[in-house]
Amino acid sequence: MRRKNEHHPLTAPEQPFFLHVGHLERRKNLDLLLRAYARFVEQRNGTDAASTPALVLAGADQGQGRPLRRLAAALGVPAAAAPAAAAGAGDGAAGGGDILG
């Protein structure tokens, strides 16, 4: 039985988010997306952190997962594993993803 505040896996969360769906590979320039997101978060400084949309990267890791996590850490963007990644769809597996922000 679900708790009152627990979302069904197919429903959208209450908090807005930015979503990238596609392979995590170098040619997608996701480092640029991550830098733009970090700037967006920086410009929102002083606003409620809970209202800042998360950045969700969903897709099979084609060698960019770890470098993107390192870049996120260097930019001060917190990262949390998405449920699909936590359930065993880690690096290289379809369905993995990260939630940043």
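Visitor: What are the ground rules here?
Guide: The model is predicted, so local features need pLDDT of at least 70 and side-chain atom pairs count only at pLDDT 80 or more, while totals for chains, interfaces and linings use all residues. Residues are numbered from 1 along each chain as its sequence is written, and side-chain values use heavy atoms, with hydrogens and water left out.

Visitor: How many aromatic pairs are there?
Guide: Three. Rings of Phe, Tyr and Trp (its six-membered ring) pair if their centres lie within 6.5 Å; planes under 30 degrees apart are stacked, over 60 edge-to-face, and the rest tilted. One of the pairs is Phe18 with Phe40, edge-to-face at 5.3 Å centre to centre and 85 degrees between the planes.

Visitor: Which parts does that pair tie together?
Guide: Phe18 is in strand β1 (residues 17-21) and Phe40 in helix α1 (residues 30-43), so the pair ties together parts 22 residues apart in sequence. Helices (H or I, at least four residues) and strands (E, at least two) are DSSP runs, numbered from the N terminus.

Visitor: And what does Tyr37 pair with?
Guide: Tyr37 pairs with Phe40, tilted, at 6.3 Å centre to centre and 35 degrees between the planes. Both lie in α1, three residues apart, about one turn of the helix. Phe18, Tyr37 and Phe40 form one aromatic cluster.

Visitor: Is Tyr37 buried or exposed?
Guide: Buried, with a relative accessible area of 4%. Buried means under 20%, exposed over 50%, partly exposed in between (1.4 Å probe, protein chains only). Phe40 is partly exposed at 25%, and Phe18 is partly exposed at 37%.

Visitor: Switching topic: how many residues are in the largest nonpolar core?
Guide: Eleven, including Leu34, Tyr37, Ala38, Leu57 and Val77. Such a core is a set of buried Ala, Val, Leu, Ile, Met, Phe, Trp, Tyr and Cys residues joined through side-chain atoms within 4.5 Å.

Visitor: Which element gives the most to this core?
Guide: α1, with four residues.

Visitor: What does Ala38 touch?
Guide: Leu75 and Val77, not counting residues up to four places away in sequence; contact means heavy atoms within 4.5 Å.
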